[in-house]
Amino acid sequence: MMLGIGAQAQNNSIMKGSDIKKEELQLVQEWDKTFPKSEKVNHKKVTFVNRFGITLAADMYTPRNASGKLAAIAVSGPFGAVKEQCSGLYAQTMAERGFIAIAFDPSFTGESGGYPRRIASPDINTEDFMAAVDFLSTIPEADPERIGIIGICGWGGMAINAAALDTRIKATVTSTMYNMSRVTANGYFDGQDNEQARYESKKAQNAQRTKEYAQGYYEQAGGVVDPVPADAPQFVKDYHAYYKTPRGYHKRSGNSNDGWATTGNMAFMNQPILQYSKEIRSAVLLIHGEKAHSRYFSEDAYRDMTSYTQYRDNKELLIVPDANHCDLYDGGGKNAIPFDKIESFFKAYLK
């Protein structure tokens, strides 16, 4: 018994002395974004570690000639994209408007660490946003009391989930948001929202797990379909127009190439991410395109955050006229991203 107590004491001592260690990542230093570099901001690569010990890679954009501690914003998404695509565009634009902003690759994707590659997790990916807040809270250039986040597409849902958990986040913006738990469990437009459909999906994914473990390697599910069938839904054509063309293609993007691991988002099947969204006390702005197939995600999230709660007054839903889902990735050639509204929202709540 004394031996057991001694071992436990030794273990506690080791835990108390543990360090937060960064993995050595191989980061590309030259500009390889899908958008032009702004002369109004400074840019550099940074890394930080999440609570699971995974080192995340980010691009940090800082206004030139900035002084004092600035309000800071962390940006990520879409689901299957990398920071060289639209999250970097959002971050750079916010830096042009006076904020420190980082665009980061989530765990297991892009230049960030974590293995196996292209795996998603409701828990780990929510933690990724919170780790970004850790980083911004401790750098000398940023004011730890004025931190916001932006989540695009699938990372919009993760941003809301983080805001429900992290009281340091003072304002959240989602753009063209997906609720990944809902679409994984129910299918598009809730078309498979029944027990039998979920059972068949789980059965297939578990068979895939057995196959992959036996063969000793993970398979990829494939990125955006290419070429696009003539009878494909319009939103599939919209995805192709972004991810598979010079407009948005990037060699590290899963959506542009071979996609997520086949069972990459399996955990979302029975882990709802927006369970406590109505308890978010900080400000939230949800932005969606009028013609987006995914519009219902933001509309329902807004309804949930403003019904049967006392925290409704600082929640907003903005529908962008004539915009589809991917128009809010890069503006769609028609300046669809409402950056003026995003700027004014953050300036109102990060003050």
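Helix axes here are lines fitted to C-alpha atoms over the stretch in contact, and angles run from 0 to 180 degrees between N-to-C directions. Helices themselves are DSSP runs (H or I, at least four residues), numbered from the N terminus.

This is a predicted model, where local features need pLDDT of at least 70, side-chain atom pairs count only at pLDDT 80 or more, and totals for linings use all residues. Residues are numbered from 1 along each chain, and side-chain values use heavy atoms, leaving out hydrogens and water.

Let's start with two helices. Helix α3 (residues 122–138) packs against helix α4 (residues 154–165) at about 70°, with axes 9 Å apart. That makes α3 and α4 roughly perpendicular to each other (65 to 115 degrees counts as such). Their contact (heavy atoms within 4.5 Å) includes Phe-129 and Met-130 of α3 and Trp-155 and Leu-165 of α4.

Now for the pockets. A pocket is an open set of points on a 1 Å grid where a 1.4 Å probe fits, with protein on both sides within 12 Å along at least five of seven lines; lining residues have an atom within 4 Å of a point. A volume is the space filled by probe spheres set on the points.

| Pocket | Volume |
|---|---|
| Largest pocket | about 780 Å³ |
| Second largest pocket | about 290 Å³ |

Among the residues closest to the centre of the largest pocket are Phe-79 and Trp-260. Helix α7 gives the largest share of that lining, four residues. For the second largest pocket, 15 residues form the lining, with Arg-209 and Glu-212 among the closest to its centre.

Definitions and conventions:
Angles under 35 degrees count as roughly parallel, over 145 as roughly antiparallel, 65 to 115 as roughly perpendicular and the rest as oblique.
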